[in-house]
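Please look over the sequence and the structure shown here before reading on.

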Amino acid sequence: MISHWSHENQQRATRLLEQYPEKRSAAMPLLYVAAHEHGYVSDDAMREVAELTGLSAAQVQAVASFYTMYKRAPIGRYLVSVCTSISCYLRGADAVLSAIEDETGVLDGETTTDGLISVEHVECAGACGGAPAVCVNWELVEGLEPDKARELIAWLRDAKPEVVLGDEMQMLFGGRESFDWGPKELEGAIAPLPAFDPYGTAKAEER
Amino acid sequence: MTSSILLSRMVAYPADSNTLARYVDTGGYEALRTALEKMTPEDVAAEVKASNIRGRGGASFPTGVKWGFLPPDIRPRYLVINGDESEPGTFKDRMLLERDPHQLVEGIAISSYALDVQHAFVYIRGEYPKPARRLQRAIEEAYEAGYLGKNILGSGFDLDVTVHVGAGAYICGEETALLSSLEGRRGEPRIKPPFPAIEGLYAKPTIVNNVETISNVPWIVANGGAAYAAIGPETSSGTRVMSLSGHLNKPGDYEIVAGMTWRDLIYDVGGGILDDRDLKAWVPGGASAPWFVPSEHLDTLVTIDDIAKQGSMIGSGAVIVMDDSTNVVGAAHRIVRFFSHESCGQCTPCREGTTWLERILSRILDGYGRPEDIGLLLDVSDNISPGLSWPPAMTTICPLGPSATAPVVSIMRHFRDEVEAMIPAPAAVPVGAESDGSGEVVGG
């Protein structure tokens, strides 16, 4: 076990390793846990995942470098991912990306100098019926028009939410949804990683 | 005609359709009880086969037939649910996972019983943390209530279910790539055969089925395979969830029975074209599918076989509608860019070919197209998928590369004059000017 990880993350790692018939299968989940520990998928993070799974560090790096959501350099506290694939493109996604670049002062792929916001375009976020769509730390906002996208960025800067909640952003800035979102979702993201309880990246916040 | 198998609970109980209490209250887990108490695994598999249900992930392969490929004597076997939904235009599994996760959990439990599986996995794309959380909570509730875990409902049947979250790679929707990813490897497709049913996860017999496919299993067991087969045309049985997007008044997920016309689907179900504009083209089954145009296809039928006969596919059921203001080169470029980005890089025709296609379309968009680019686009496409026929011929391990040729061939077939009109006469290109490949005009 990785002694400098938090006690909770050590327990999570143990549980994740037990979930699979072969330890190597836990590499992807553990990369998320390690990324949360280190802030990104650092070289140390990859070595630790290698130690836990019995893979070589090179094998873990091969995995980490294949998937776009493992960031191997530090990124902002809020990762703003603008979907620019076909359905969002047809509904004006490029204007949303431009508005966000303008409002943040950084271009696609960059991070603000204060380390708060990273901007990227992504391939299909699976919100095509609610195009154009944007994710903040992988929590979704649908039907986000350029003006509202600017407001979303300003809100992130001012409110600095500890937990990024999709429902909250949708209510404040969103428009048409792909489908009725139905039940309220109380959990959200506490890092620029998918918010999933077994990985320790999700938290509930009542507001 | 719309009918409701998969969406009925979320329509009737929008505030809590995802909870165990609501699921059980509306008859949930009764099909699992019936299966475990009154049916043999073979009985359950026979009902699924009789339903004629075909996979909802893209390939439309008959599920019962796939299940039949498992070798009888090798254990353990695995069931892997494909929730990597990443085909541009598709957002149906997201709804099923977020709003009725127990329907999937019950489907997994019943299917695992039928297949003699004791450990099932659900692979959910990394961009879907909310669907993953909803499913994880449903699984925890199901363990607590005795629908998963040891000795389910006193039957002696054991089942564990693990949710695995991906990390942003479309290719993992291809079943062998998904298995590679689930084994902690790069998500690279494997050469078939061996098919996963023979040699899948950890080289053990494995069935990979889509979220929507398995979400139908509780209904099939509760009502019988014959009842399911009786819904809709014989070779497109049951309902399916279509994801409608693009220039529509009412984009969204709709559960339909196959057999309506495209006119009905686009103008009635989808509410018609935004701002009363004219329909220019649509993608009938996800970004990989060749496009349809109103002059040829509007009154043809939405069934698996009719779409195939017209040279395209229903795929993942994703319909992307383009109005008459659409720049088709721009739209094709956006789809090709997707495939170029998502190519895993193993096969040269795909890795290099998709990159070439993307760059050529990009320079045409930039105003720097060359007269020979028309021929070059077709030549590169032909090198990825010789003959440019349908279904596409393959030079690659998986269909991703050939998929990238679909939009290119589509615009050449239906809108060649528009593509040619975007290419300036040679003298019009300023000397020394070049496209930077960004899709924006620079220099000159």
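What distance separates the centres of domain 1 of chain B and domain 2 of chain B, taken over C-alpha atoms? The centres of these two domains are 26 Å apart, the domain bounds being those of an automatic or database assignment. This is a predicted model, in which local features need pLDDT of at least 70 and side-chain atom pairs count only at pLDDT 80 or more, while totals for chains, interfaces and linings use all residues. Residues are numbered from 1 along each chain as its sequence is written, and chains are lettered from A and ligands numbered from 1 in the order in which they are written.

Chain B is divided into domain 1 (8-229), domain 2 (234-323) and domain 3 (328-428). Contact, here, requires that the C-beta atoms of two residues, placed from the backbone, lie within 7 Å; by that rule 19 residues of domain 1 of chain B touch 18 residues of domain 2 of chain B.

Between the chains, 49 residues of chain A are in contact with 56 residues of chain B. The table sorts two of these sides by class, where Ala, Val, Leu, Ile, Met, Phe, Trp, Tyr, Cys and Pro count as nonpolar, Asp, Glu, Lys and Arg as charged, and the others, Gly among them, as polar.

| Side | Residues by class |
|---|---|
| Domain 1 of chain B, touching domain 2 of chain B | six nonpolar, eight polar, five charged residues |
| Chain A, touching chain B | 31 nonpolar, eleven polar, seven charged residues |
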